[in-house]
Amino acid sequence: MTMRTRTLGTTGPQVSALGLGCMGMSALYGEADRAESLATIHAALEAGVTLLDTGDFYGMGHNEMLIGEALRAAPTARREQALVGVKFGALRDPDGGWSGYDGRPAAVKNFAAYSLQRLGVDHLDVYRIARLDPDVPIEETVGAIAELVEKGHVRHIGLSEVGAETIRRAAATAPISDLQIEYSLISRGIEDEILPTTRELGIGITAYGVLSRGLISGHFTADRQLGAGDFRAMSPRFQGDNLRHNLNLVEALRKIAEQKGVSVAQIAIAWVLSRGADVVPLVGARRRDRLTEALGALDVTLDGADLAAIEEAVPADAAAGERYPAAQMAHLES
């Protein structure tokens with residue numbers, strides 16, 4: 001495995017070609033093993049992964065504290081190479097419920113203060129609101145982050161799950177490093193308007209959900225039982241006929257992967273890597289073996305024939321079911 005680097009847009013930092021999304025170590029995918037989570041973060045850093053992605057609402061602060069603990073225990077050189085991206089703004093309650101997003105300038109600075117403390121760092125490398133607050137103009141939210149940049153508390157400003165118009169308005173307010181948004185073989189909605197806009201403006205893409213929450217990893221089966229705390233138990237793509245249809249797509253992809261001597265997950269990640277040097281996939285590995293598999297995608301080369309075969313096996317818009325339940329889709333602009 002050879003770790004390459006990419007740059008988050010024209011104003012962002014240089015990062016590893018793959019980033020590690022740490023959400024599943026704290027929330028939404030059932031119980032996680034704390035020791036294994038820490039070991040996985042350390043293994044990622046040792047392999048040259050520099051970008052660690054989290055949200056202050058993942059496990060109500062648990063994920064930030066986990067990353068902070070991992071960084072404190074890492075060798076100095078590995079700790080210093082790590083770049084932490086943080087999403088903020090989601091409002092939670094003690095029962096784990098969700099009650100909207102808060103992008104007010106005072107809230108932005110409040111959220112940042114707590115994130116700095118939980119992570120144990122003196123600055124946040126990339127800071128972004130997780131979803132647009134419909135009651136606060138994006139200019140006000142981004143302007144507040146820009147003030148944090150001026151004071152040295154934040155290095156770069158990002159966006160998350162917003163549409164082309166909001167991207168333009170945000171970029172007119174302050175330099176934007178990247179847009180974090182779902183992008184995978186079966187989630188290609190950004191290709192029509194959003195990706196052309198980010199490329200025009202020199203904004204990078206950090207792509208989450210590159211394996212569609214494990215759906216196109218090659219490891220998910222139709223008979224898998226999901227716990228009540230697992231987001232996928234209510235995700236439309238994991239339900240009934242939708243799941244059966246989507247797993248058929250995976251089997252078609254598996255045939256191509258086997259011909260190349262790689263795993264389904266590796267070819268799915270390699271496809272996202274092939275989309276351009278401005279796209280940095282985030283892999284949501286919670287275990288070292290899954291991380292090792294994901295990193296193997298860096299050594300997968302897809303030529304024109306491979307890409308054509310993948311497109312035939314999994315055409316754009318081939319997936320059955322929305323990315324999120326209806327209530328959560330309402331918060332997305334893309």
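Tutor: Quick definition before we start: buried means under 20% relative accessible area, exposed means over 50%, and partly exposed is in between (1.4 Å probe, protein chains only). This is a predicted model, where local features need pLDDT of at least 70, side-chain atom pairs count only at pLDDT 80 or more, and totals for chains, interfaces and linings use all residues. Residues are numbered from 1 along each chain as its sequence is written, and side-chain values use heavy atoms, with hydrogens and water left out.

Student: Why is Met60 called partly exposed?

Tutor: Met60 has 42% relative accessibility, so it counts as partly exposed. Met60 sits in the loop between strand E4 (51–55) and helix H2 (62–73); helices (H or I, at least four residues) and strands (E, at least two) are DSSP runs, numbered from the N terminus.

Student: And why is Arg213 called buried?

Tutor: Because its relative accessible area is 13%, and the cut-off for buried is under 20%. Arg213 lies in the loop between strand E11 (204–208) and helix H8 (240–260).

Student: What makes the phi of Arg213 worth a look?

Tutor: Phi of Arg213 is near 60°, a positive value in a residue other than glycine. Most residues other than glycine have a negative phi.

Student: How do you know that E9 and E10 pair?

Tutor: Two strands pair if DSSP finds at least two bridges between them. Strand E9 (residues 154–160) and E10 have 3 bridges, in the parallel sense. Leu159 has Leu179 in E10 as its bridge partner.

Student: What makes E10 mostly covered?

Tutor: In E10 (residues 178–182), 5 of its 5 residues are buried.
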